[in-house]
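Trainee: I would like to learn how to read a model like this one, feature by feature. Could we go through it together?

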Amino acid sequence: SEEVITVLVTGAAGQIAYSLLLPIAKGDVFGRDKPVKLVLLDITPMMAVLNGVVMELTDCALPLLREVVATDDESVAFKDVDVALLVGAMPRREGMERKDLLAANVKIFKSQGLALDKFAKKTVKVVVVGNPANTNCFVCAKFAPSIPRENFSCLTRLDQSRAQAQIAARVEGVAAQDVSRVVIWGNHSSTQYPDVRHAVISKDGQQIGVQDAVKDDSWLKNEFIKTVQTRGAAVIKARKLSSAMSAANAICDHMRDWWHGTPEGKWVSMGVSSSGAYGIEPELIYSFPVTIDKGRNWKIVEGLPIDDFSRDKMDKTMKELQEERSTALETVKD
Ligand code: NAX
């Protein structure tokens with residue numbers, strides 16, 4: 001029988017999922033010749049909306065989409081999944097403290113960690129998108145001890161793409177894909193550190209460092225970093241809704257590179273379990289530059305020189321993650 005990749009998307013009635021399901025079902029992520037089964041999880045009150053999404057997927061009459069399952073039951077949703085894209089989370093409501101949001105969402109990811117442990121394939125690849133993404137990922141992995149820790153990641157690829165795009169907009173005649181080796185360090189939050197100290201622009205067979213191409217260190221140290229850190233908020237302000245198209249696109253980029261491997265010499269940023277590299281506390285889910293081999297194993301790019309400016313920013317975002325973890329562990333202990 002043919003091999004079908006089973007892909008779970010949570011928060012499937014939400015706005016990111018609405019931009020995410022079509023590229024997956026069309027073969028943009030796993031391959032144009034790879035059939036997929038989509039499993040869509042959302043909460044009970046969203047089942048009618050989710051049914052509308054299923055109707056639309058059906059109406060696309062896609063050649064690779066073998067089956068669609070829509071459910072509000074985690075024991076159904078996580079059964080034998082190859083890939084789990086954990087997008088669903090509780091949105092931040094007016095007057096809600098960051099702490100309240102964290103508490104609500106960490107409970108969701110405890111429950112989904114337990115479900116992964118019990119029902120998913122042990123080879124499952126997990127991408128946590130729902131915020132706070134790093135800490136949710138930490139909790140999810142903790143409650144799925146039978147699944148290797150390397151199989152858990154969280155999304156910081158949108159931050160990487162935002163950084164590449166800002167550099168491209170600043171340097172005449174350069175496109176975002178000409179910019180490589182931008183690194184996102186740490187938390188997917190406003191403390192993240194978008195680092196261009198190792199980044200290069202490749203154009204017409206030539207390579208030039210981003211710092212040399214931009215020729216404005218003050219802009220790179222201040223406005224550039226701030227713009228990337230606060231881009232999500234800027235989109236919300238403009239659209240009155242959070243990033244969805246760009247987030248879905250970043251999820252596809254993240255998952256495609258994980259599934260197929262990164263091209264020779266290319267790095268991508270993703271939130272993964274720290275090995276202790278760069279003095280980051282082991283097992284924290286921290287965004288690092290990684291390369292990925294054909295066996296779907298990622299490896300942190302080691303040995304990059306870190307100056308005082310970077311060190312300070314890398315430590316600040318680590319500290320925020322340590323604090324989030326303490327709050328999270330307090331919340332899930334009973
Ligand atoms: P929406 O509110 O449009 O959709 C979320 C969906 O999740 C809703 O349909 C909701 O019913 C569902 N949901 C809630 N609890 C659930 C549960 N226990 N199981 C399954 N489904 C559940 O949000 P959307 O704009 O799609 O964003 C989803 C998440 O992505 C948010 O947490 C958001 O903060 C986060 N983001 C993360 C990004 C990243 O780079 N890591 C960037 C984009 C985005 O802001």
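Mentor: Gladly, and let us begin with a sheet. Strands of a sheet pair through backbone hydrogen bonds, either parallel or antiparallel. Here, an open sheet of three strands runs in the order β7-β10-β11, with antiparallel pairing. Its edge strands are β7 (179-180) and β11 (206-209), each of which pairs on one side only. Strands (E, at least two residues) and helices (H or I, at least four) are DSSP runs, numbered from the N terminus, and two strands pair if DSSP finds at least two bridges between them.

Trainee: How many bridges join β10 and β11?

Mentor: Four bridges, in the antiparallel sense, link strand β10 (residues 200-203) to β11. Two of the facing residues can be named: V200 has G209 of β11 as its bridge partner, and S202 stands opposite Q207 in β11. The hairpin of β10 and β11 has two residues between the strands, and D204 takes a positive phi there, near 50°.

Trainee: Before going on, what should I know about the numbering and the kind of model?

Mentor: Residues are numbered from 1 along each chain as its sequence is written. This is a predicted model, where local features need pLDDT of at least 70, side-chain atom pairs count only at pLDDT 80 or more, and totals for chains, interfaces and linings use all residues.

Trainee: How do I read the confidence?

Mentor: pLDDT is the predictor's confidence in each residue, from 0 to 100. Where pLDDT is low, the predicted coordinates should not be read in detail. In this protein the average pLDDT is 96, and 100% of the residues score at least 70. Confidence is lowest in helix α9 (residues 231-239), with a mean of 93, and highest in strand β6 (residues 152-154), at 99. For the complex, the predictor gives an ipTM of 0.99 and a pTM of 0.98.

Trainee: And the overall fold?

Mentor: The protein has 11 helices and 14 strands. Its radius of gyration is 19 Å, close to the 20 Å from the globule rule for 334 residues, so the protein is as compact as a globular protein of that length. That radius is taken over C-alpha atoms, and the rule is 2.2 Å times the number of residues to the power 0.38. Along the principal axes, the C-alpha atoms fill a box of roughly 55 × 45 × 40 Å.

Trainee: Is H188 buried or exposed?

Mentor: A residue is buried if 20 or more other C-beta atoms lie within 10 Å of its own, exposed if 12 or fewer, and partly exposed in between, with C-beta atoms placed from the backbone. H188 is buried because it has 29 other C-beta atoms within 10 Å. The residue lies in the loop between β8 and β9, and an unreviewed UniProt entry annotates H188 as "active site". UniProt positions are given in the numbering used here, feature names are shortened, and annotations may be inferred rather than shown by experiment.

Trainee: Which residues does H188 touch?

Mentor: Two residues are in contact if their C-beta atoms, placed from the backbone, lie within 7 Å. Not counting residues up to four places away in sequence, H188 touches A133, N134, C154, L155, T156, D159, G271 and S287. G186 is also in the loop between β8 (183-185) and β9 (193-195), and S287 is one of its contacts too. G186 is buried, with 31 other C-beta atoms within 10 Å.

Trainee: Which residues does UniProt list for "binding site"?

Mentor: The unreviewed entry lists D42, N105, V129, G130 and N131. G130 sits in the loop between β5 (125-128) and α5 (133-142), and N131 lies in the loop between β5 and α5 as well. G130 counts as buried because it has 24 C-beta neighbours inside 10 Å; N131 is buried with 22. Leaving aside neighbours within four places in sequence, N131 is in contact with A89 and N105, while the contacts of G130 include A89, N105 and N136.
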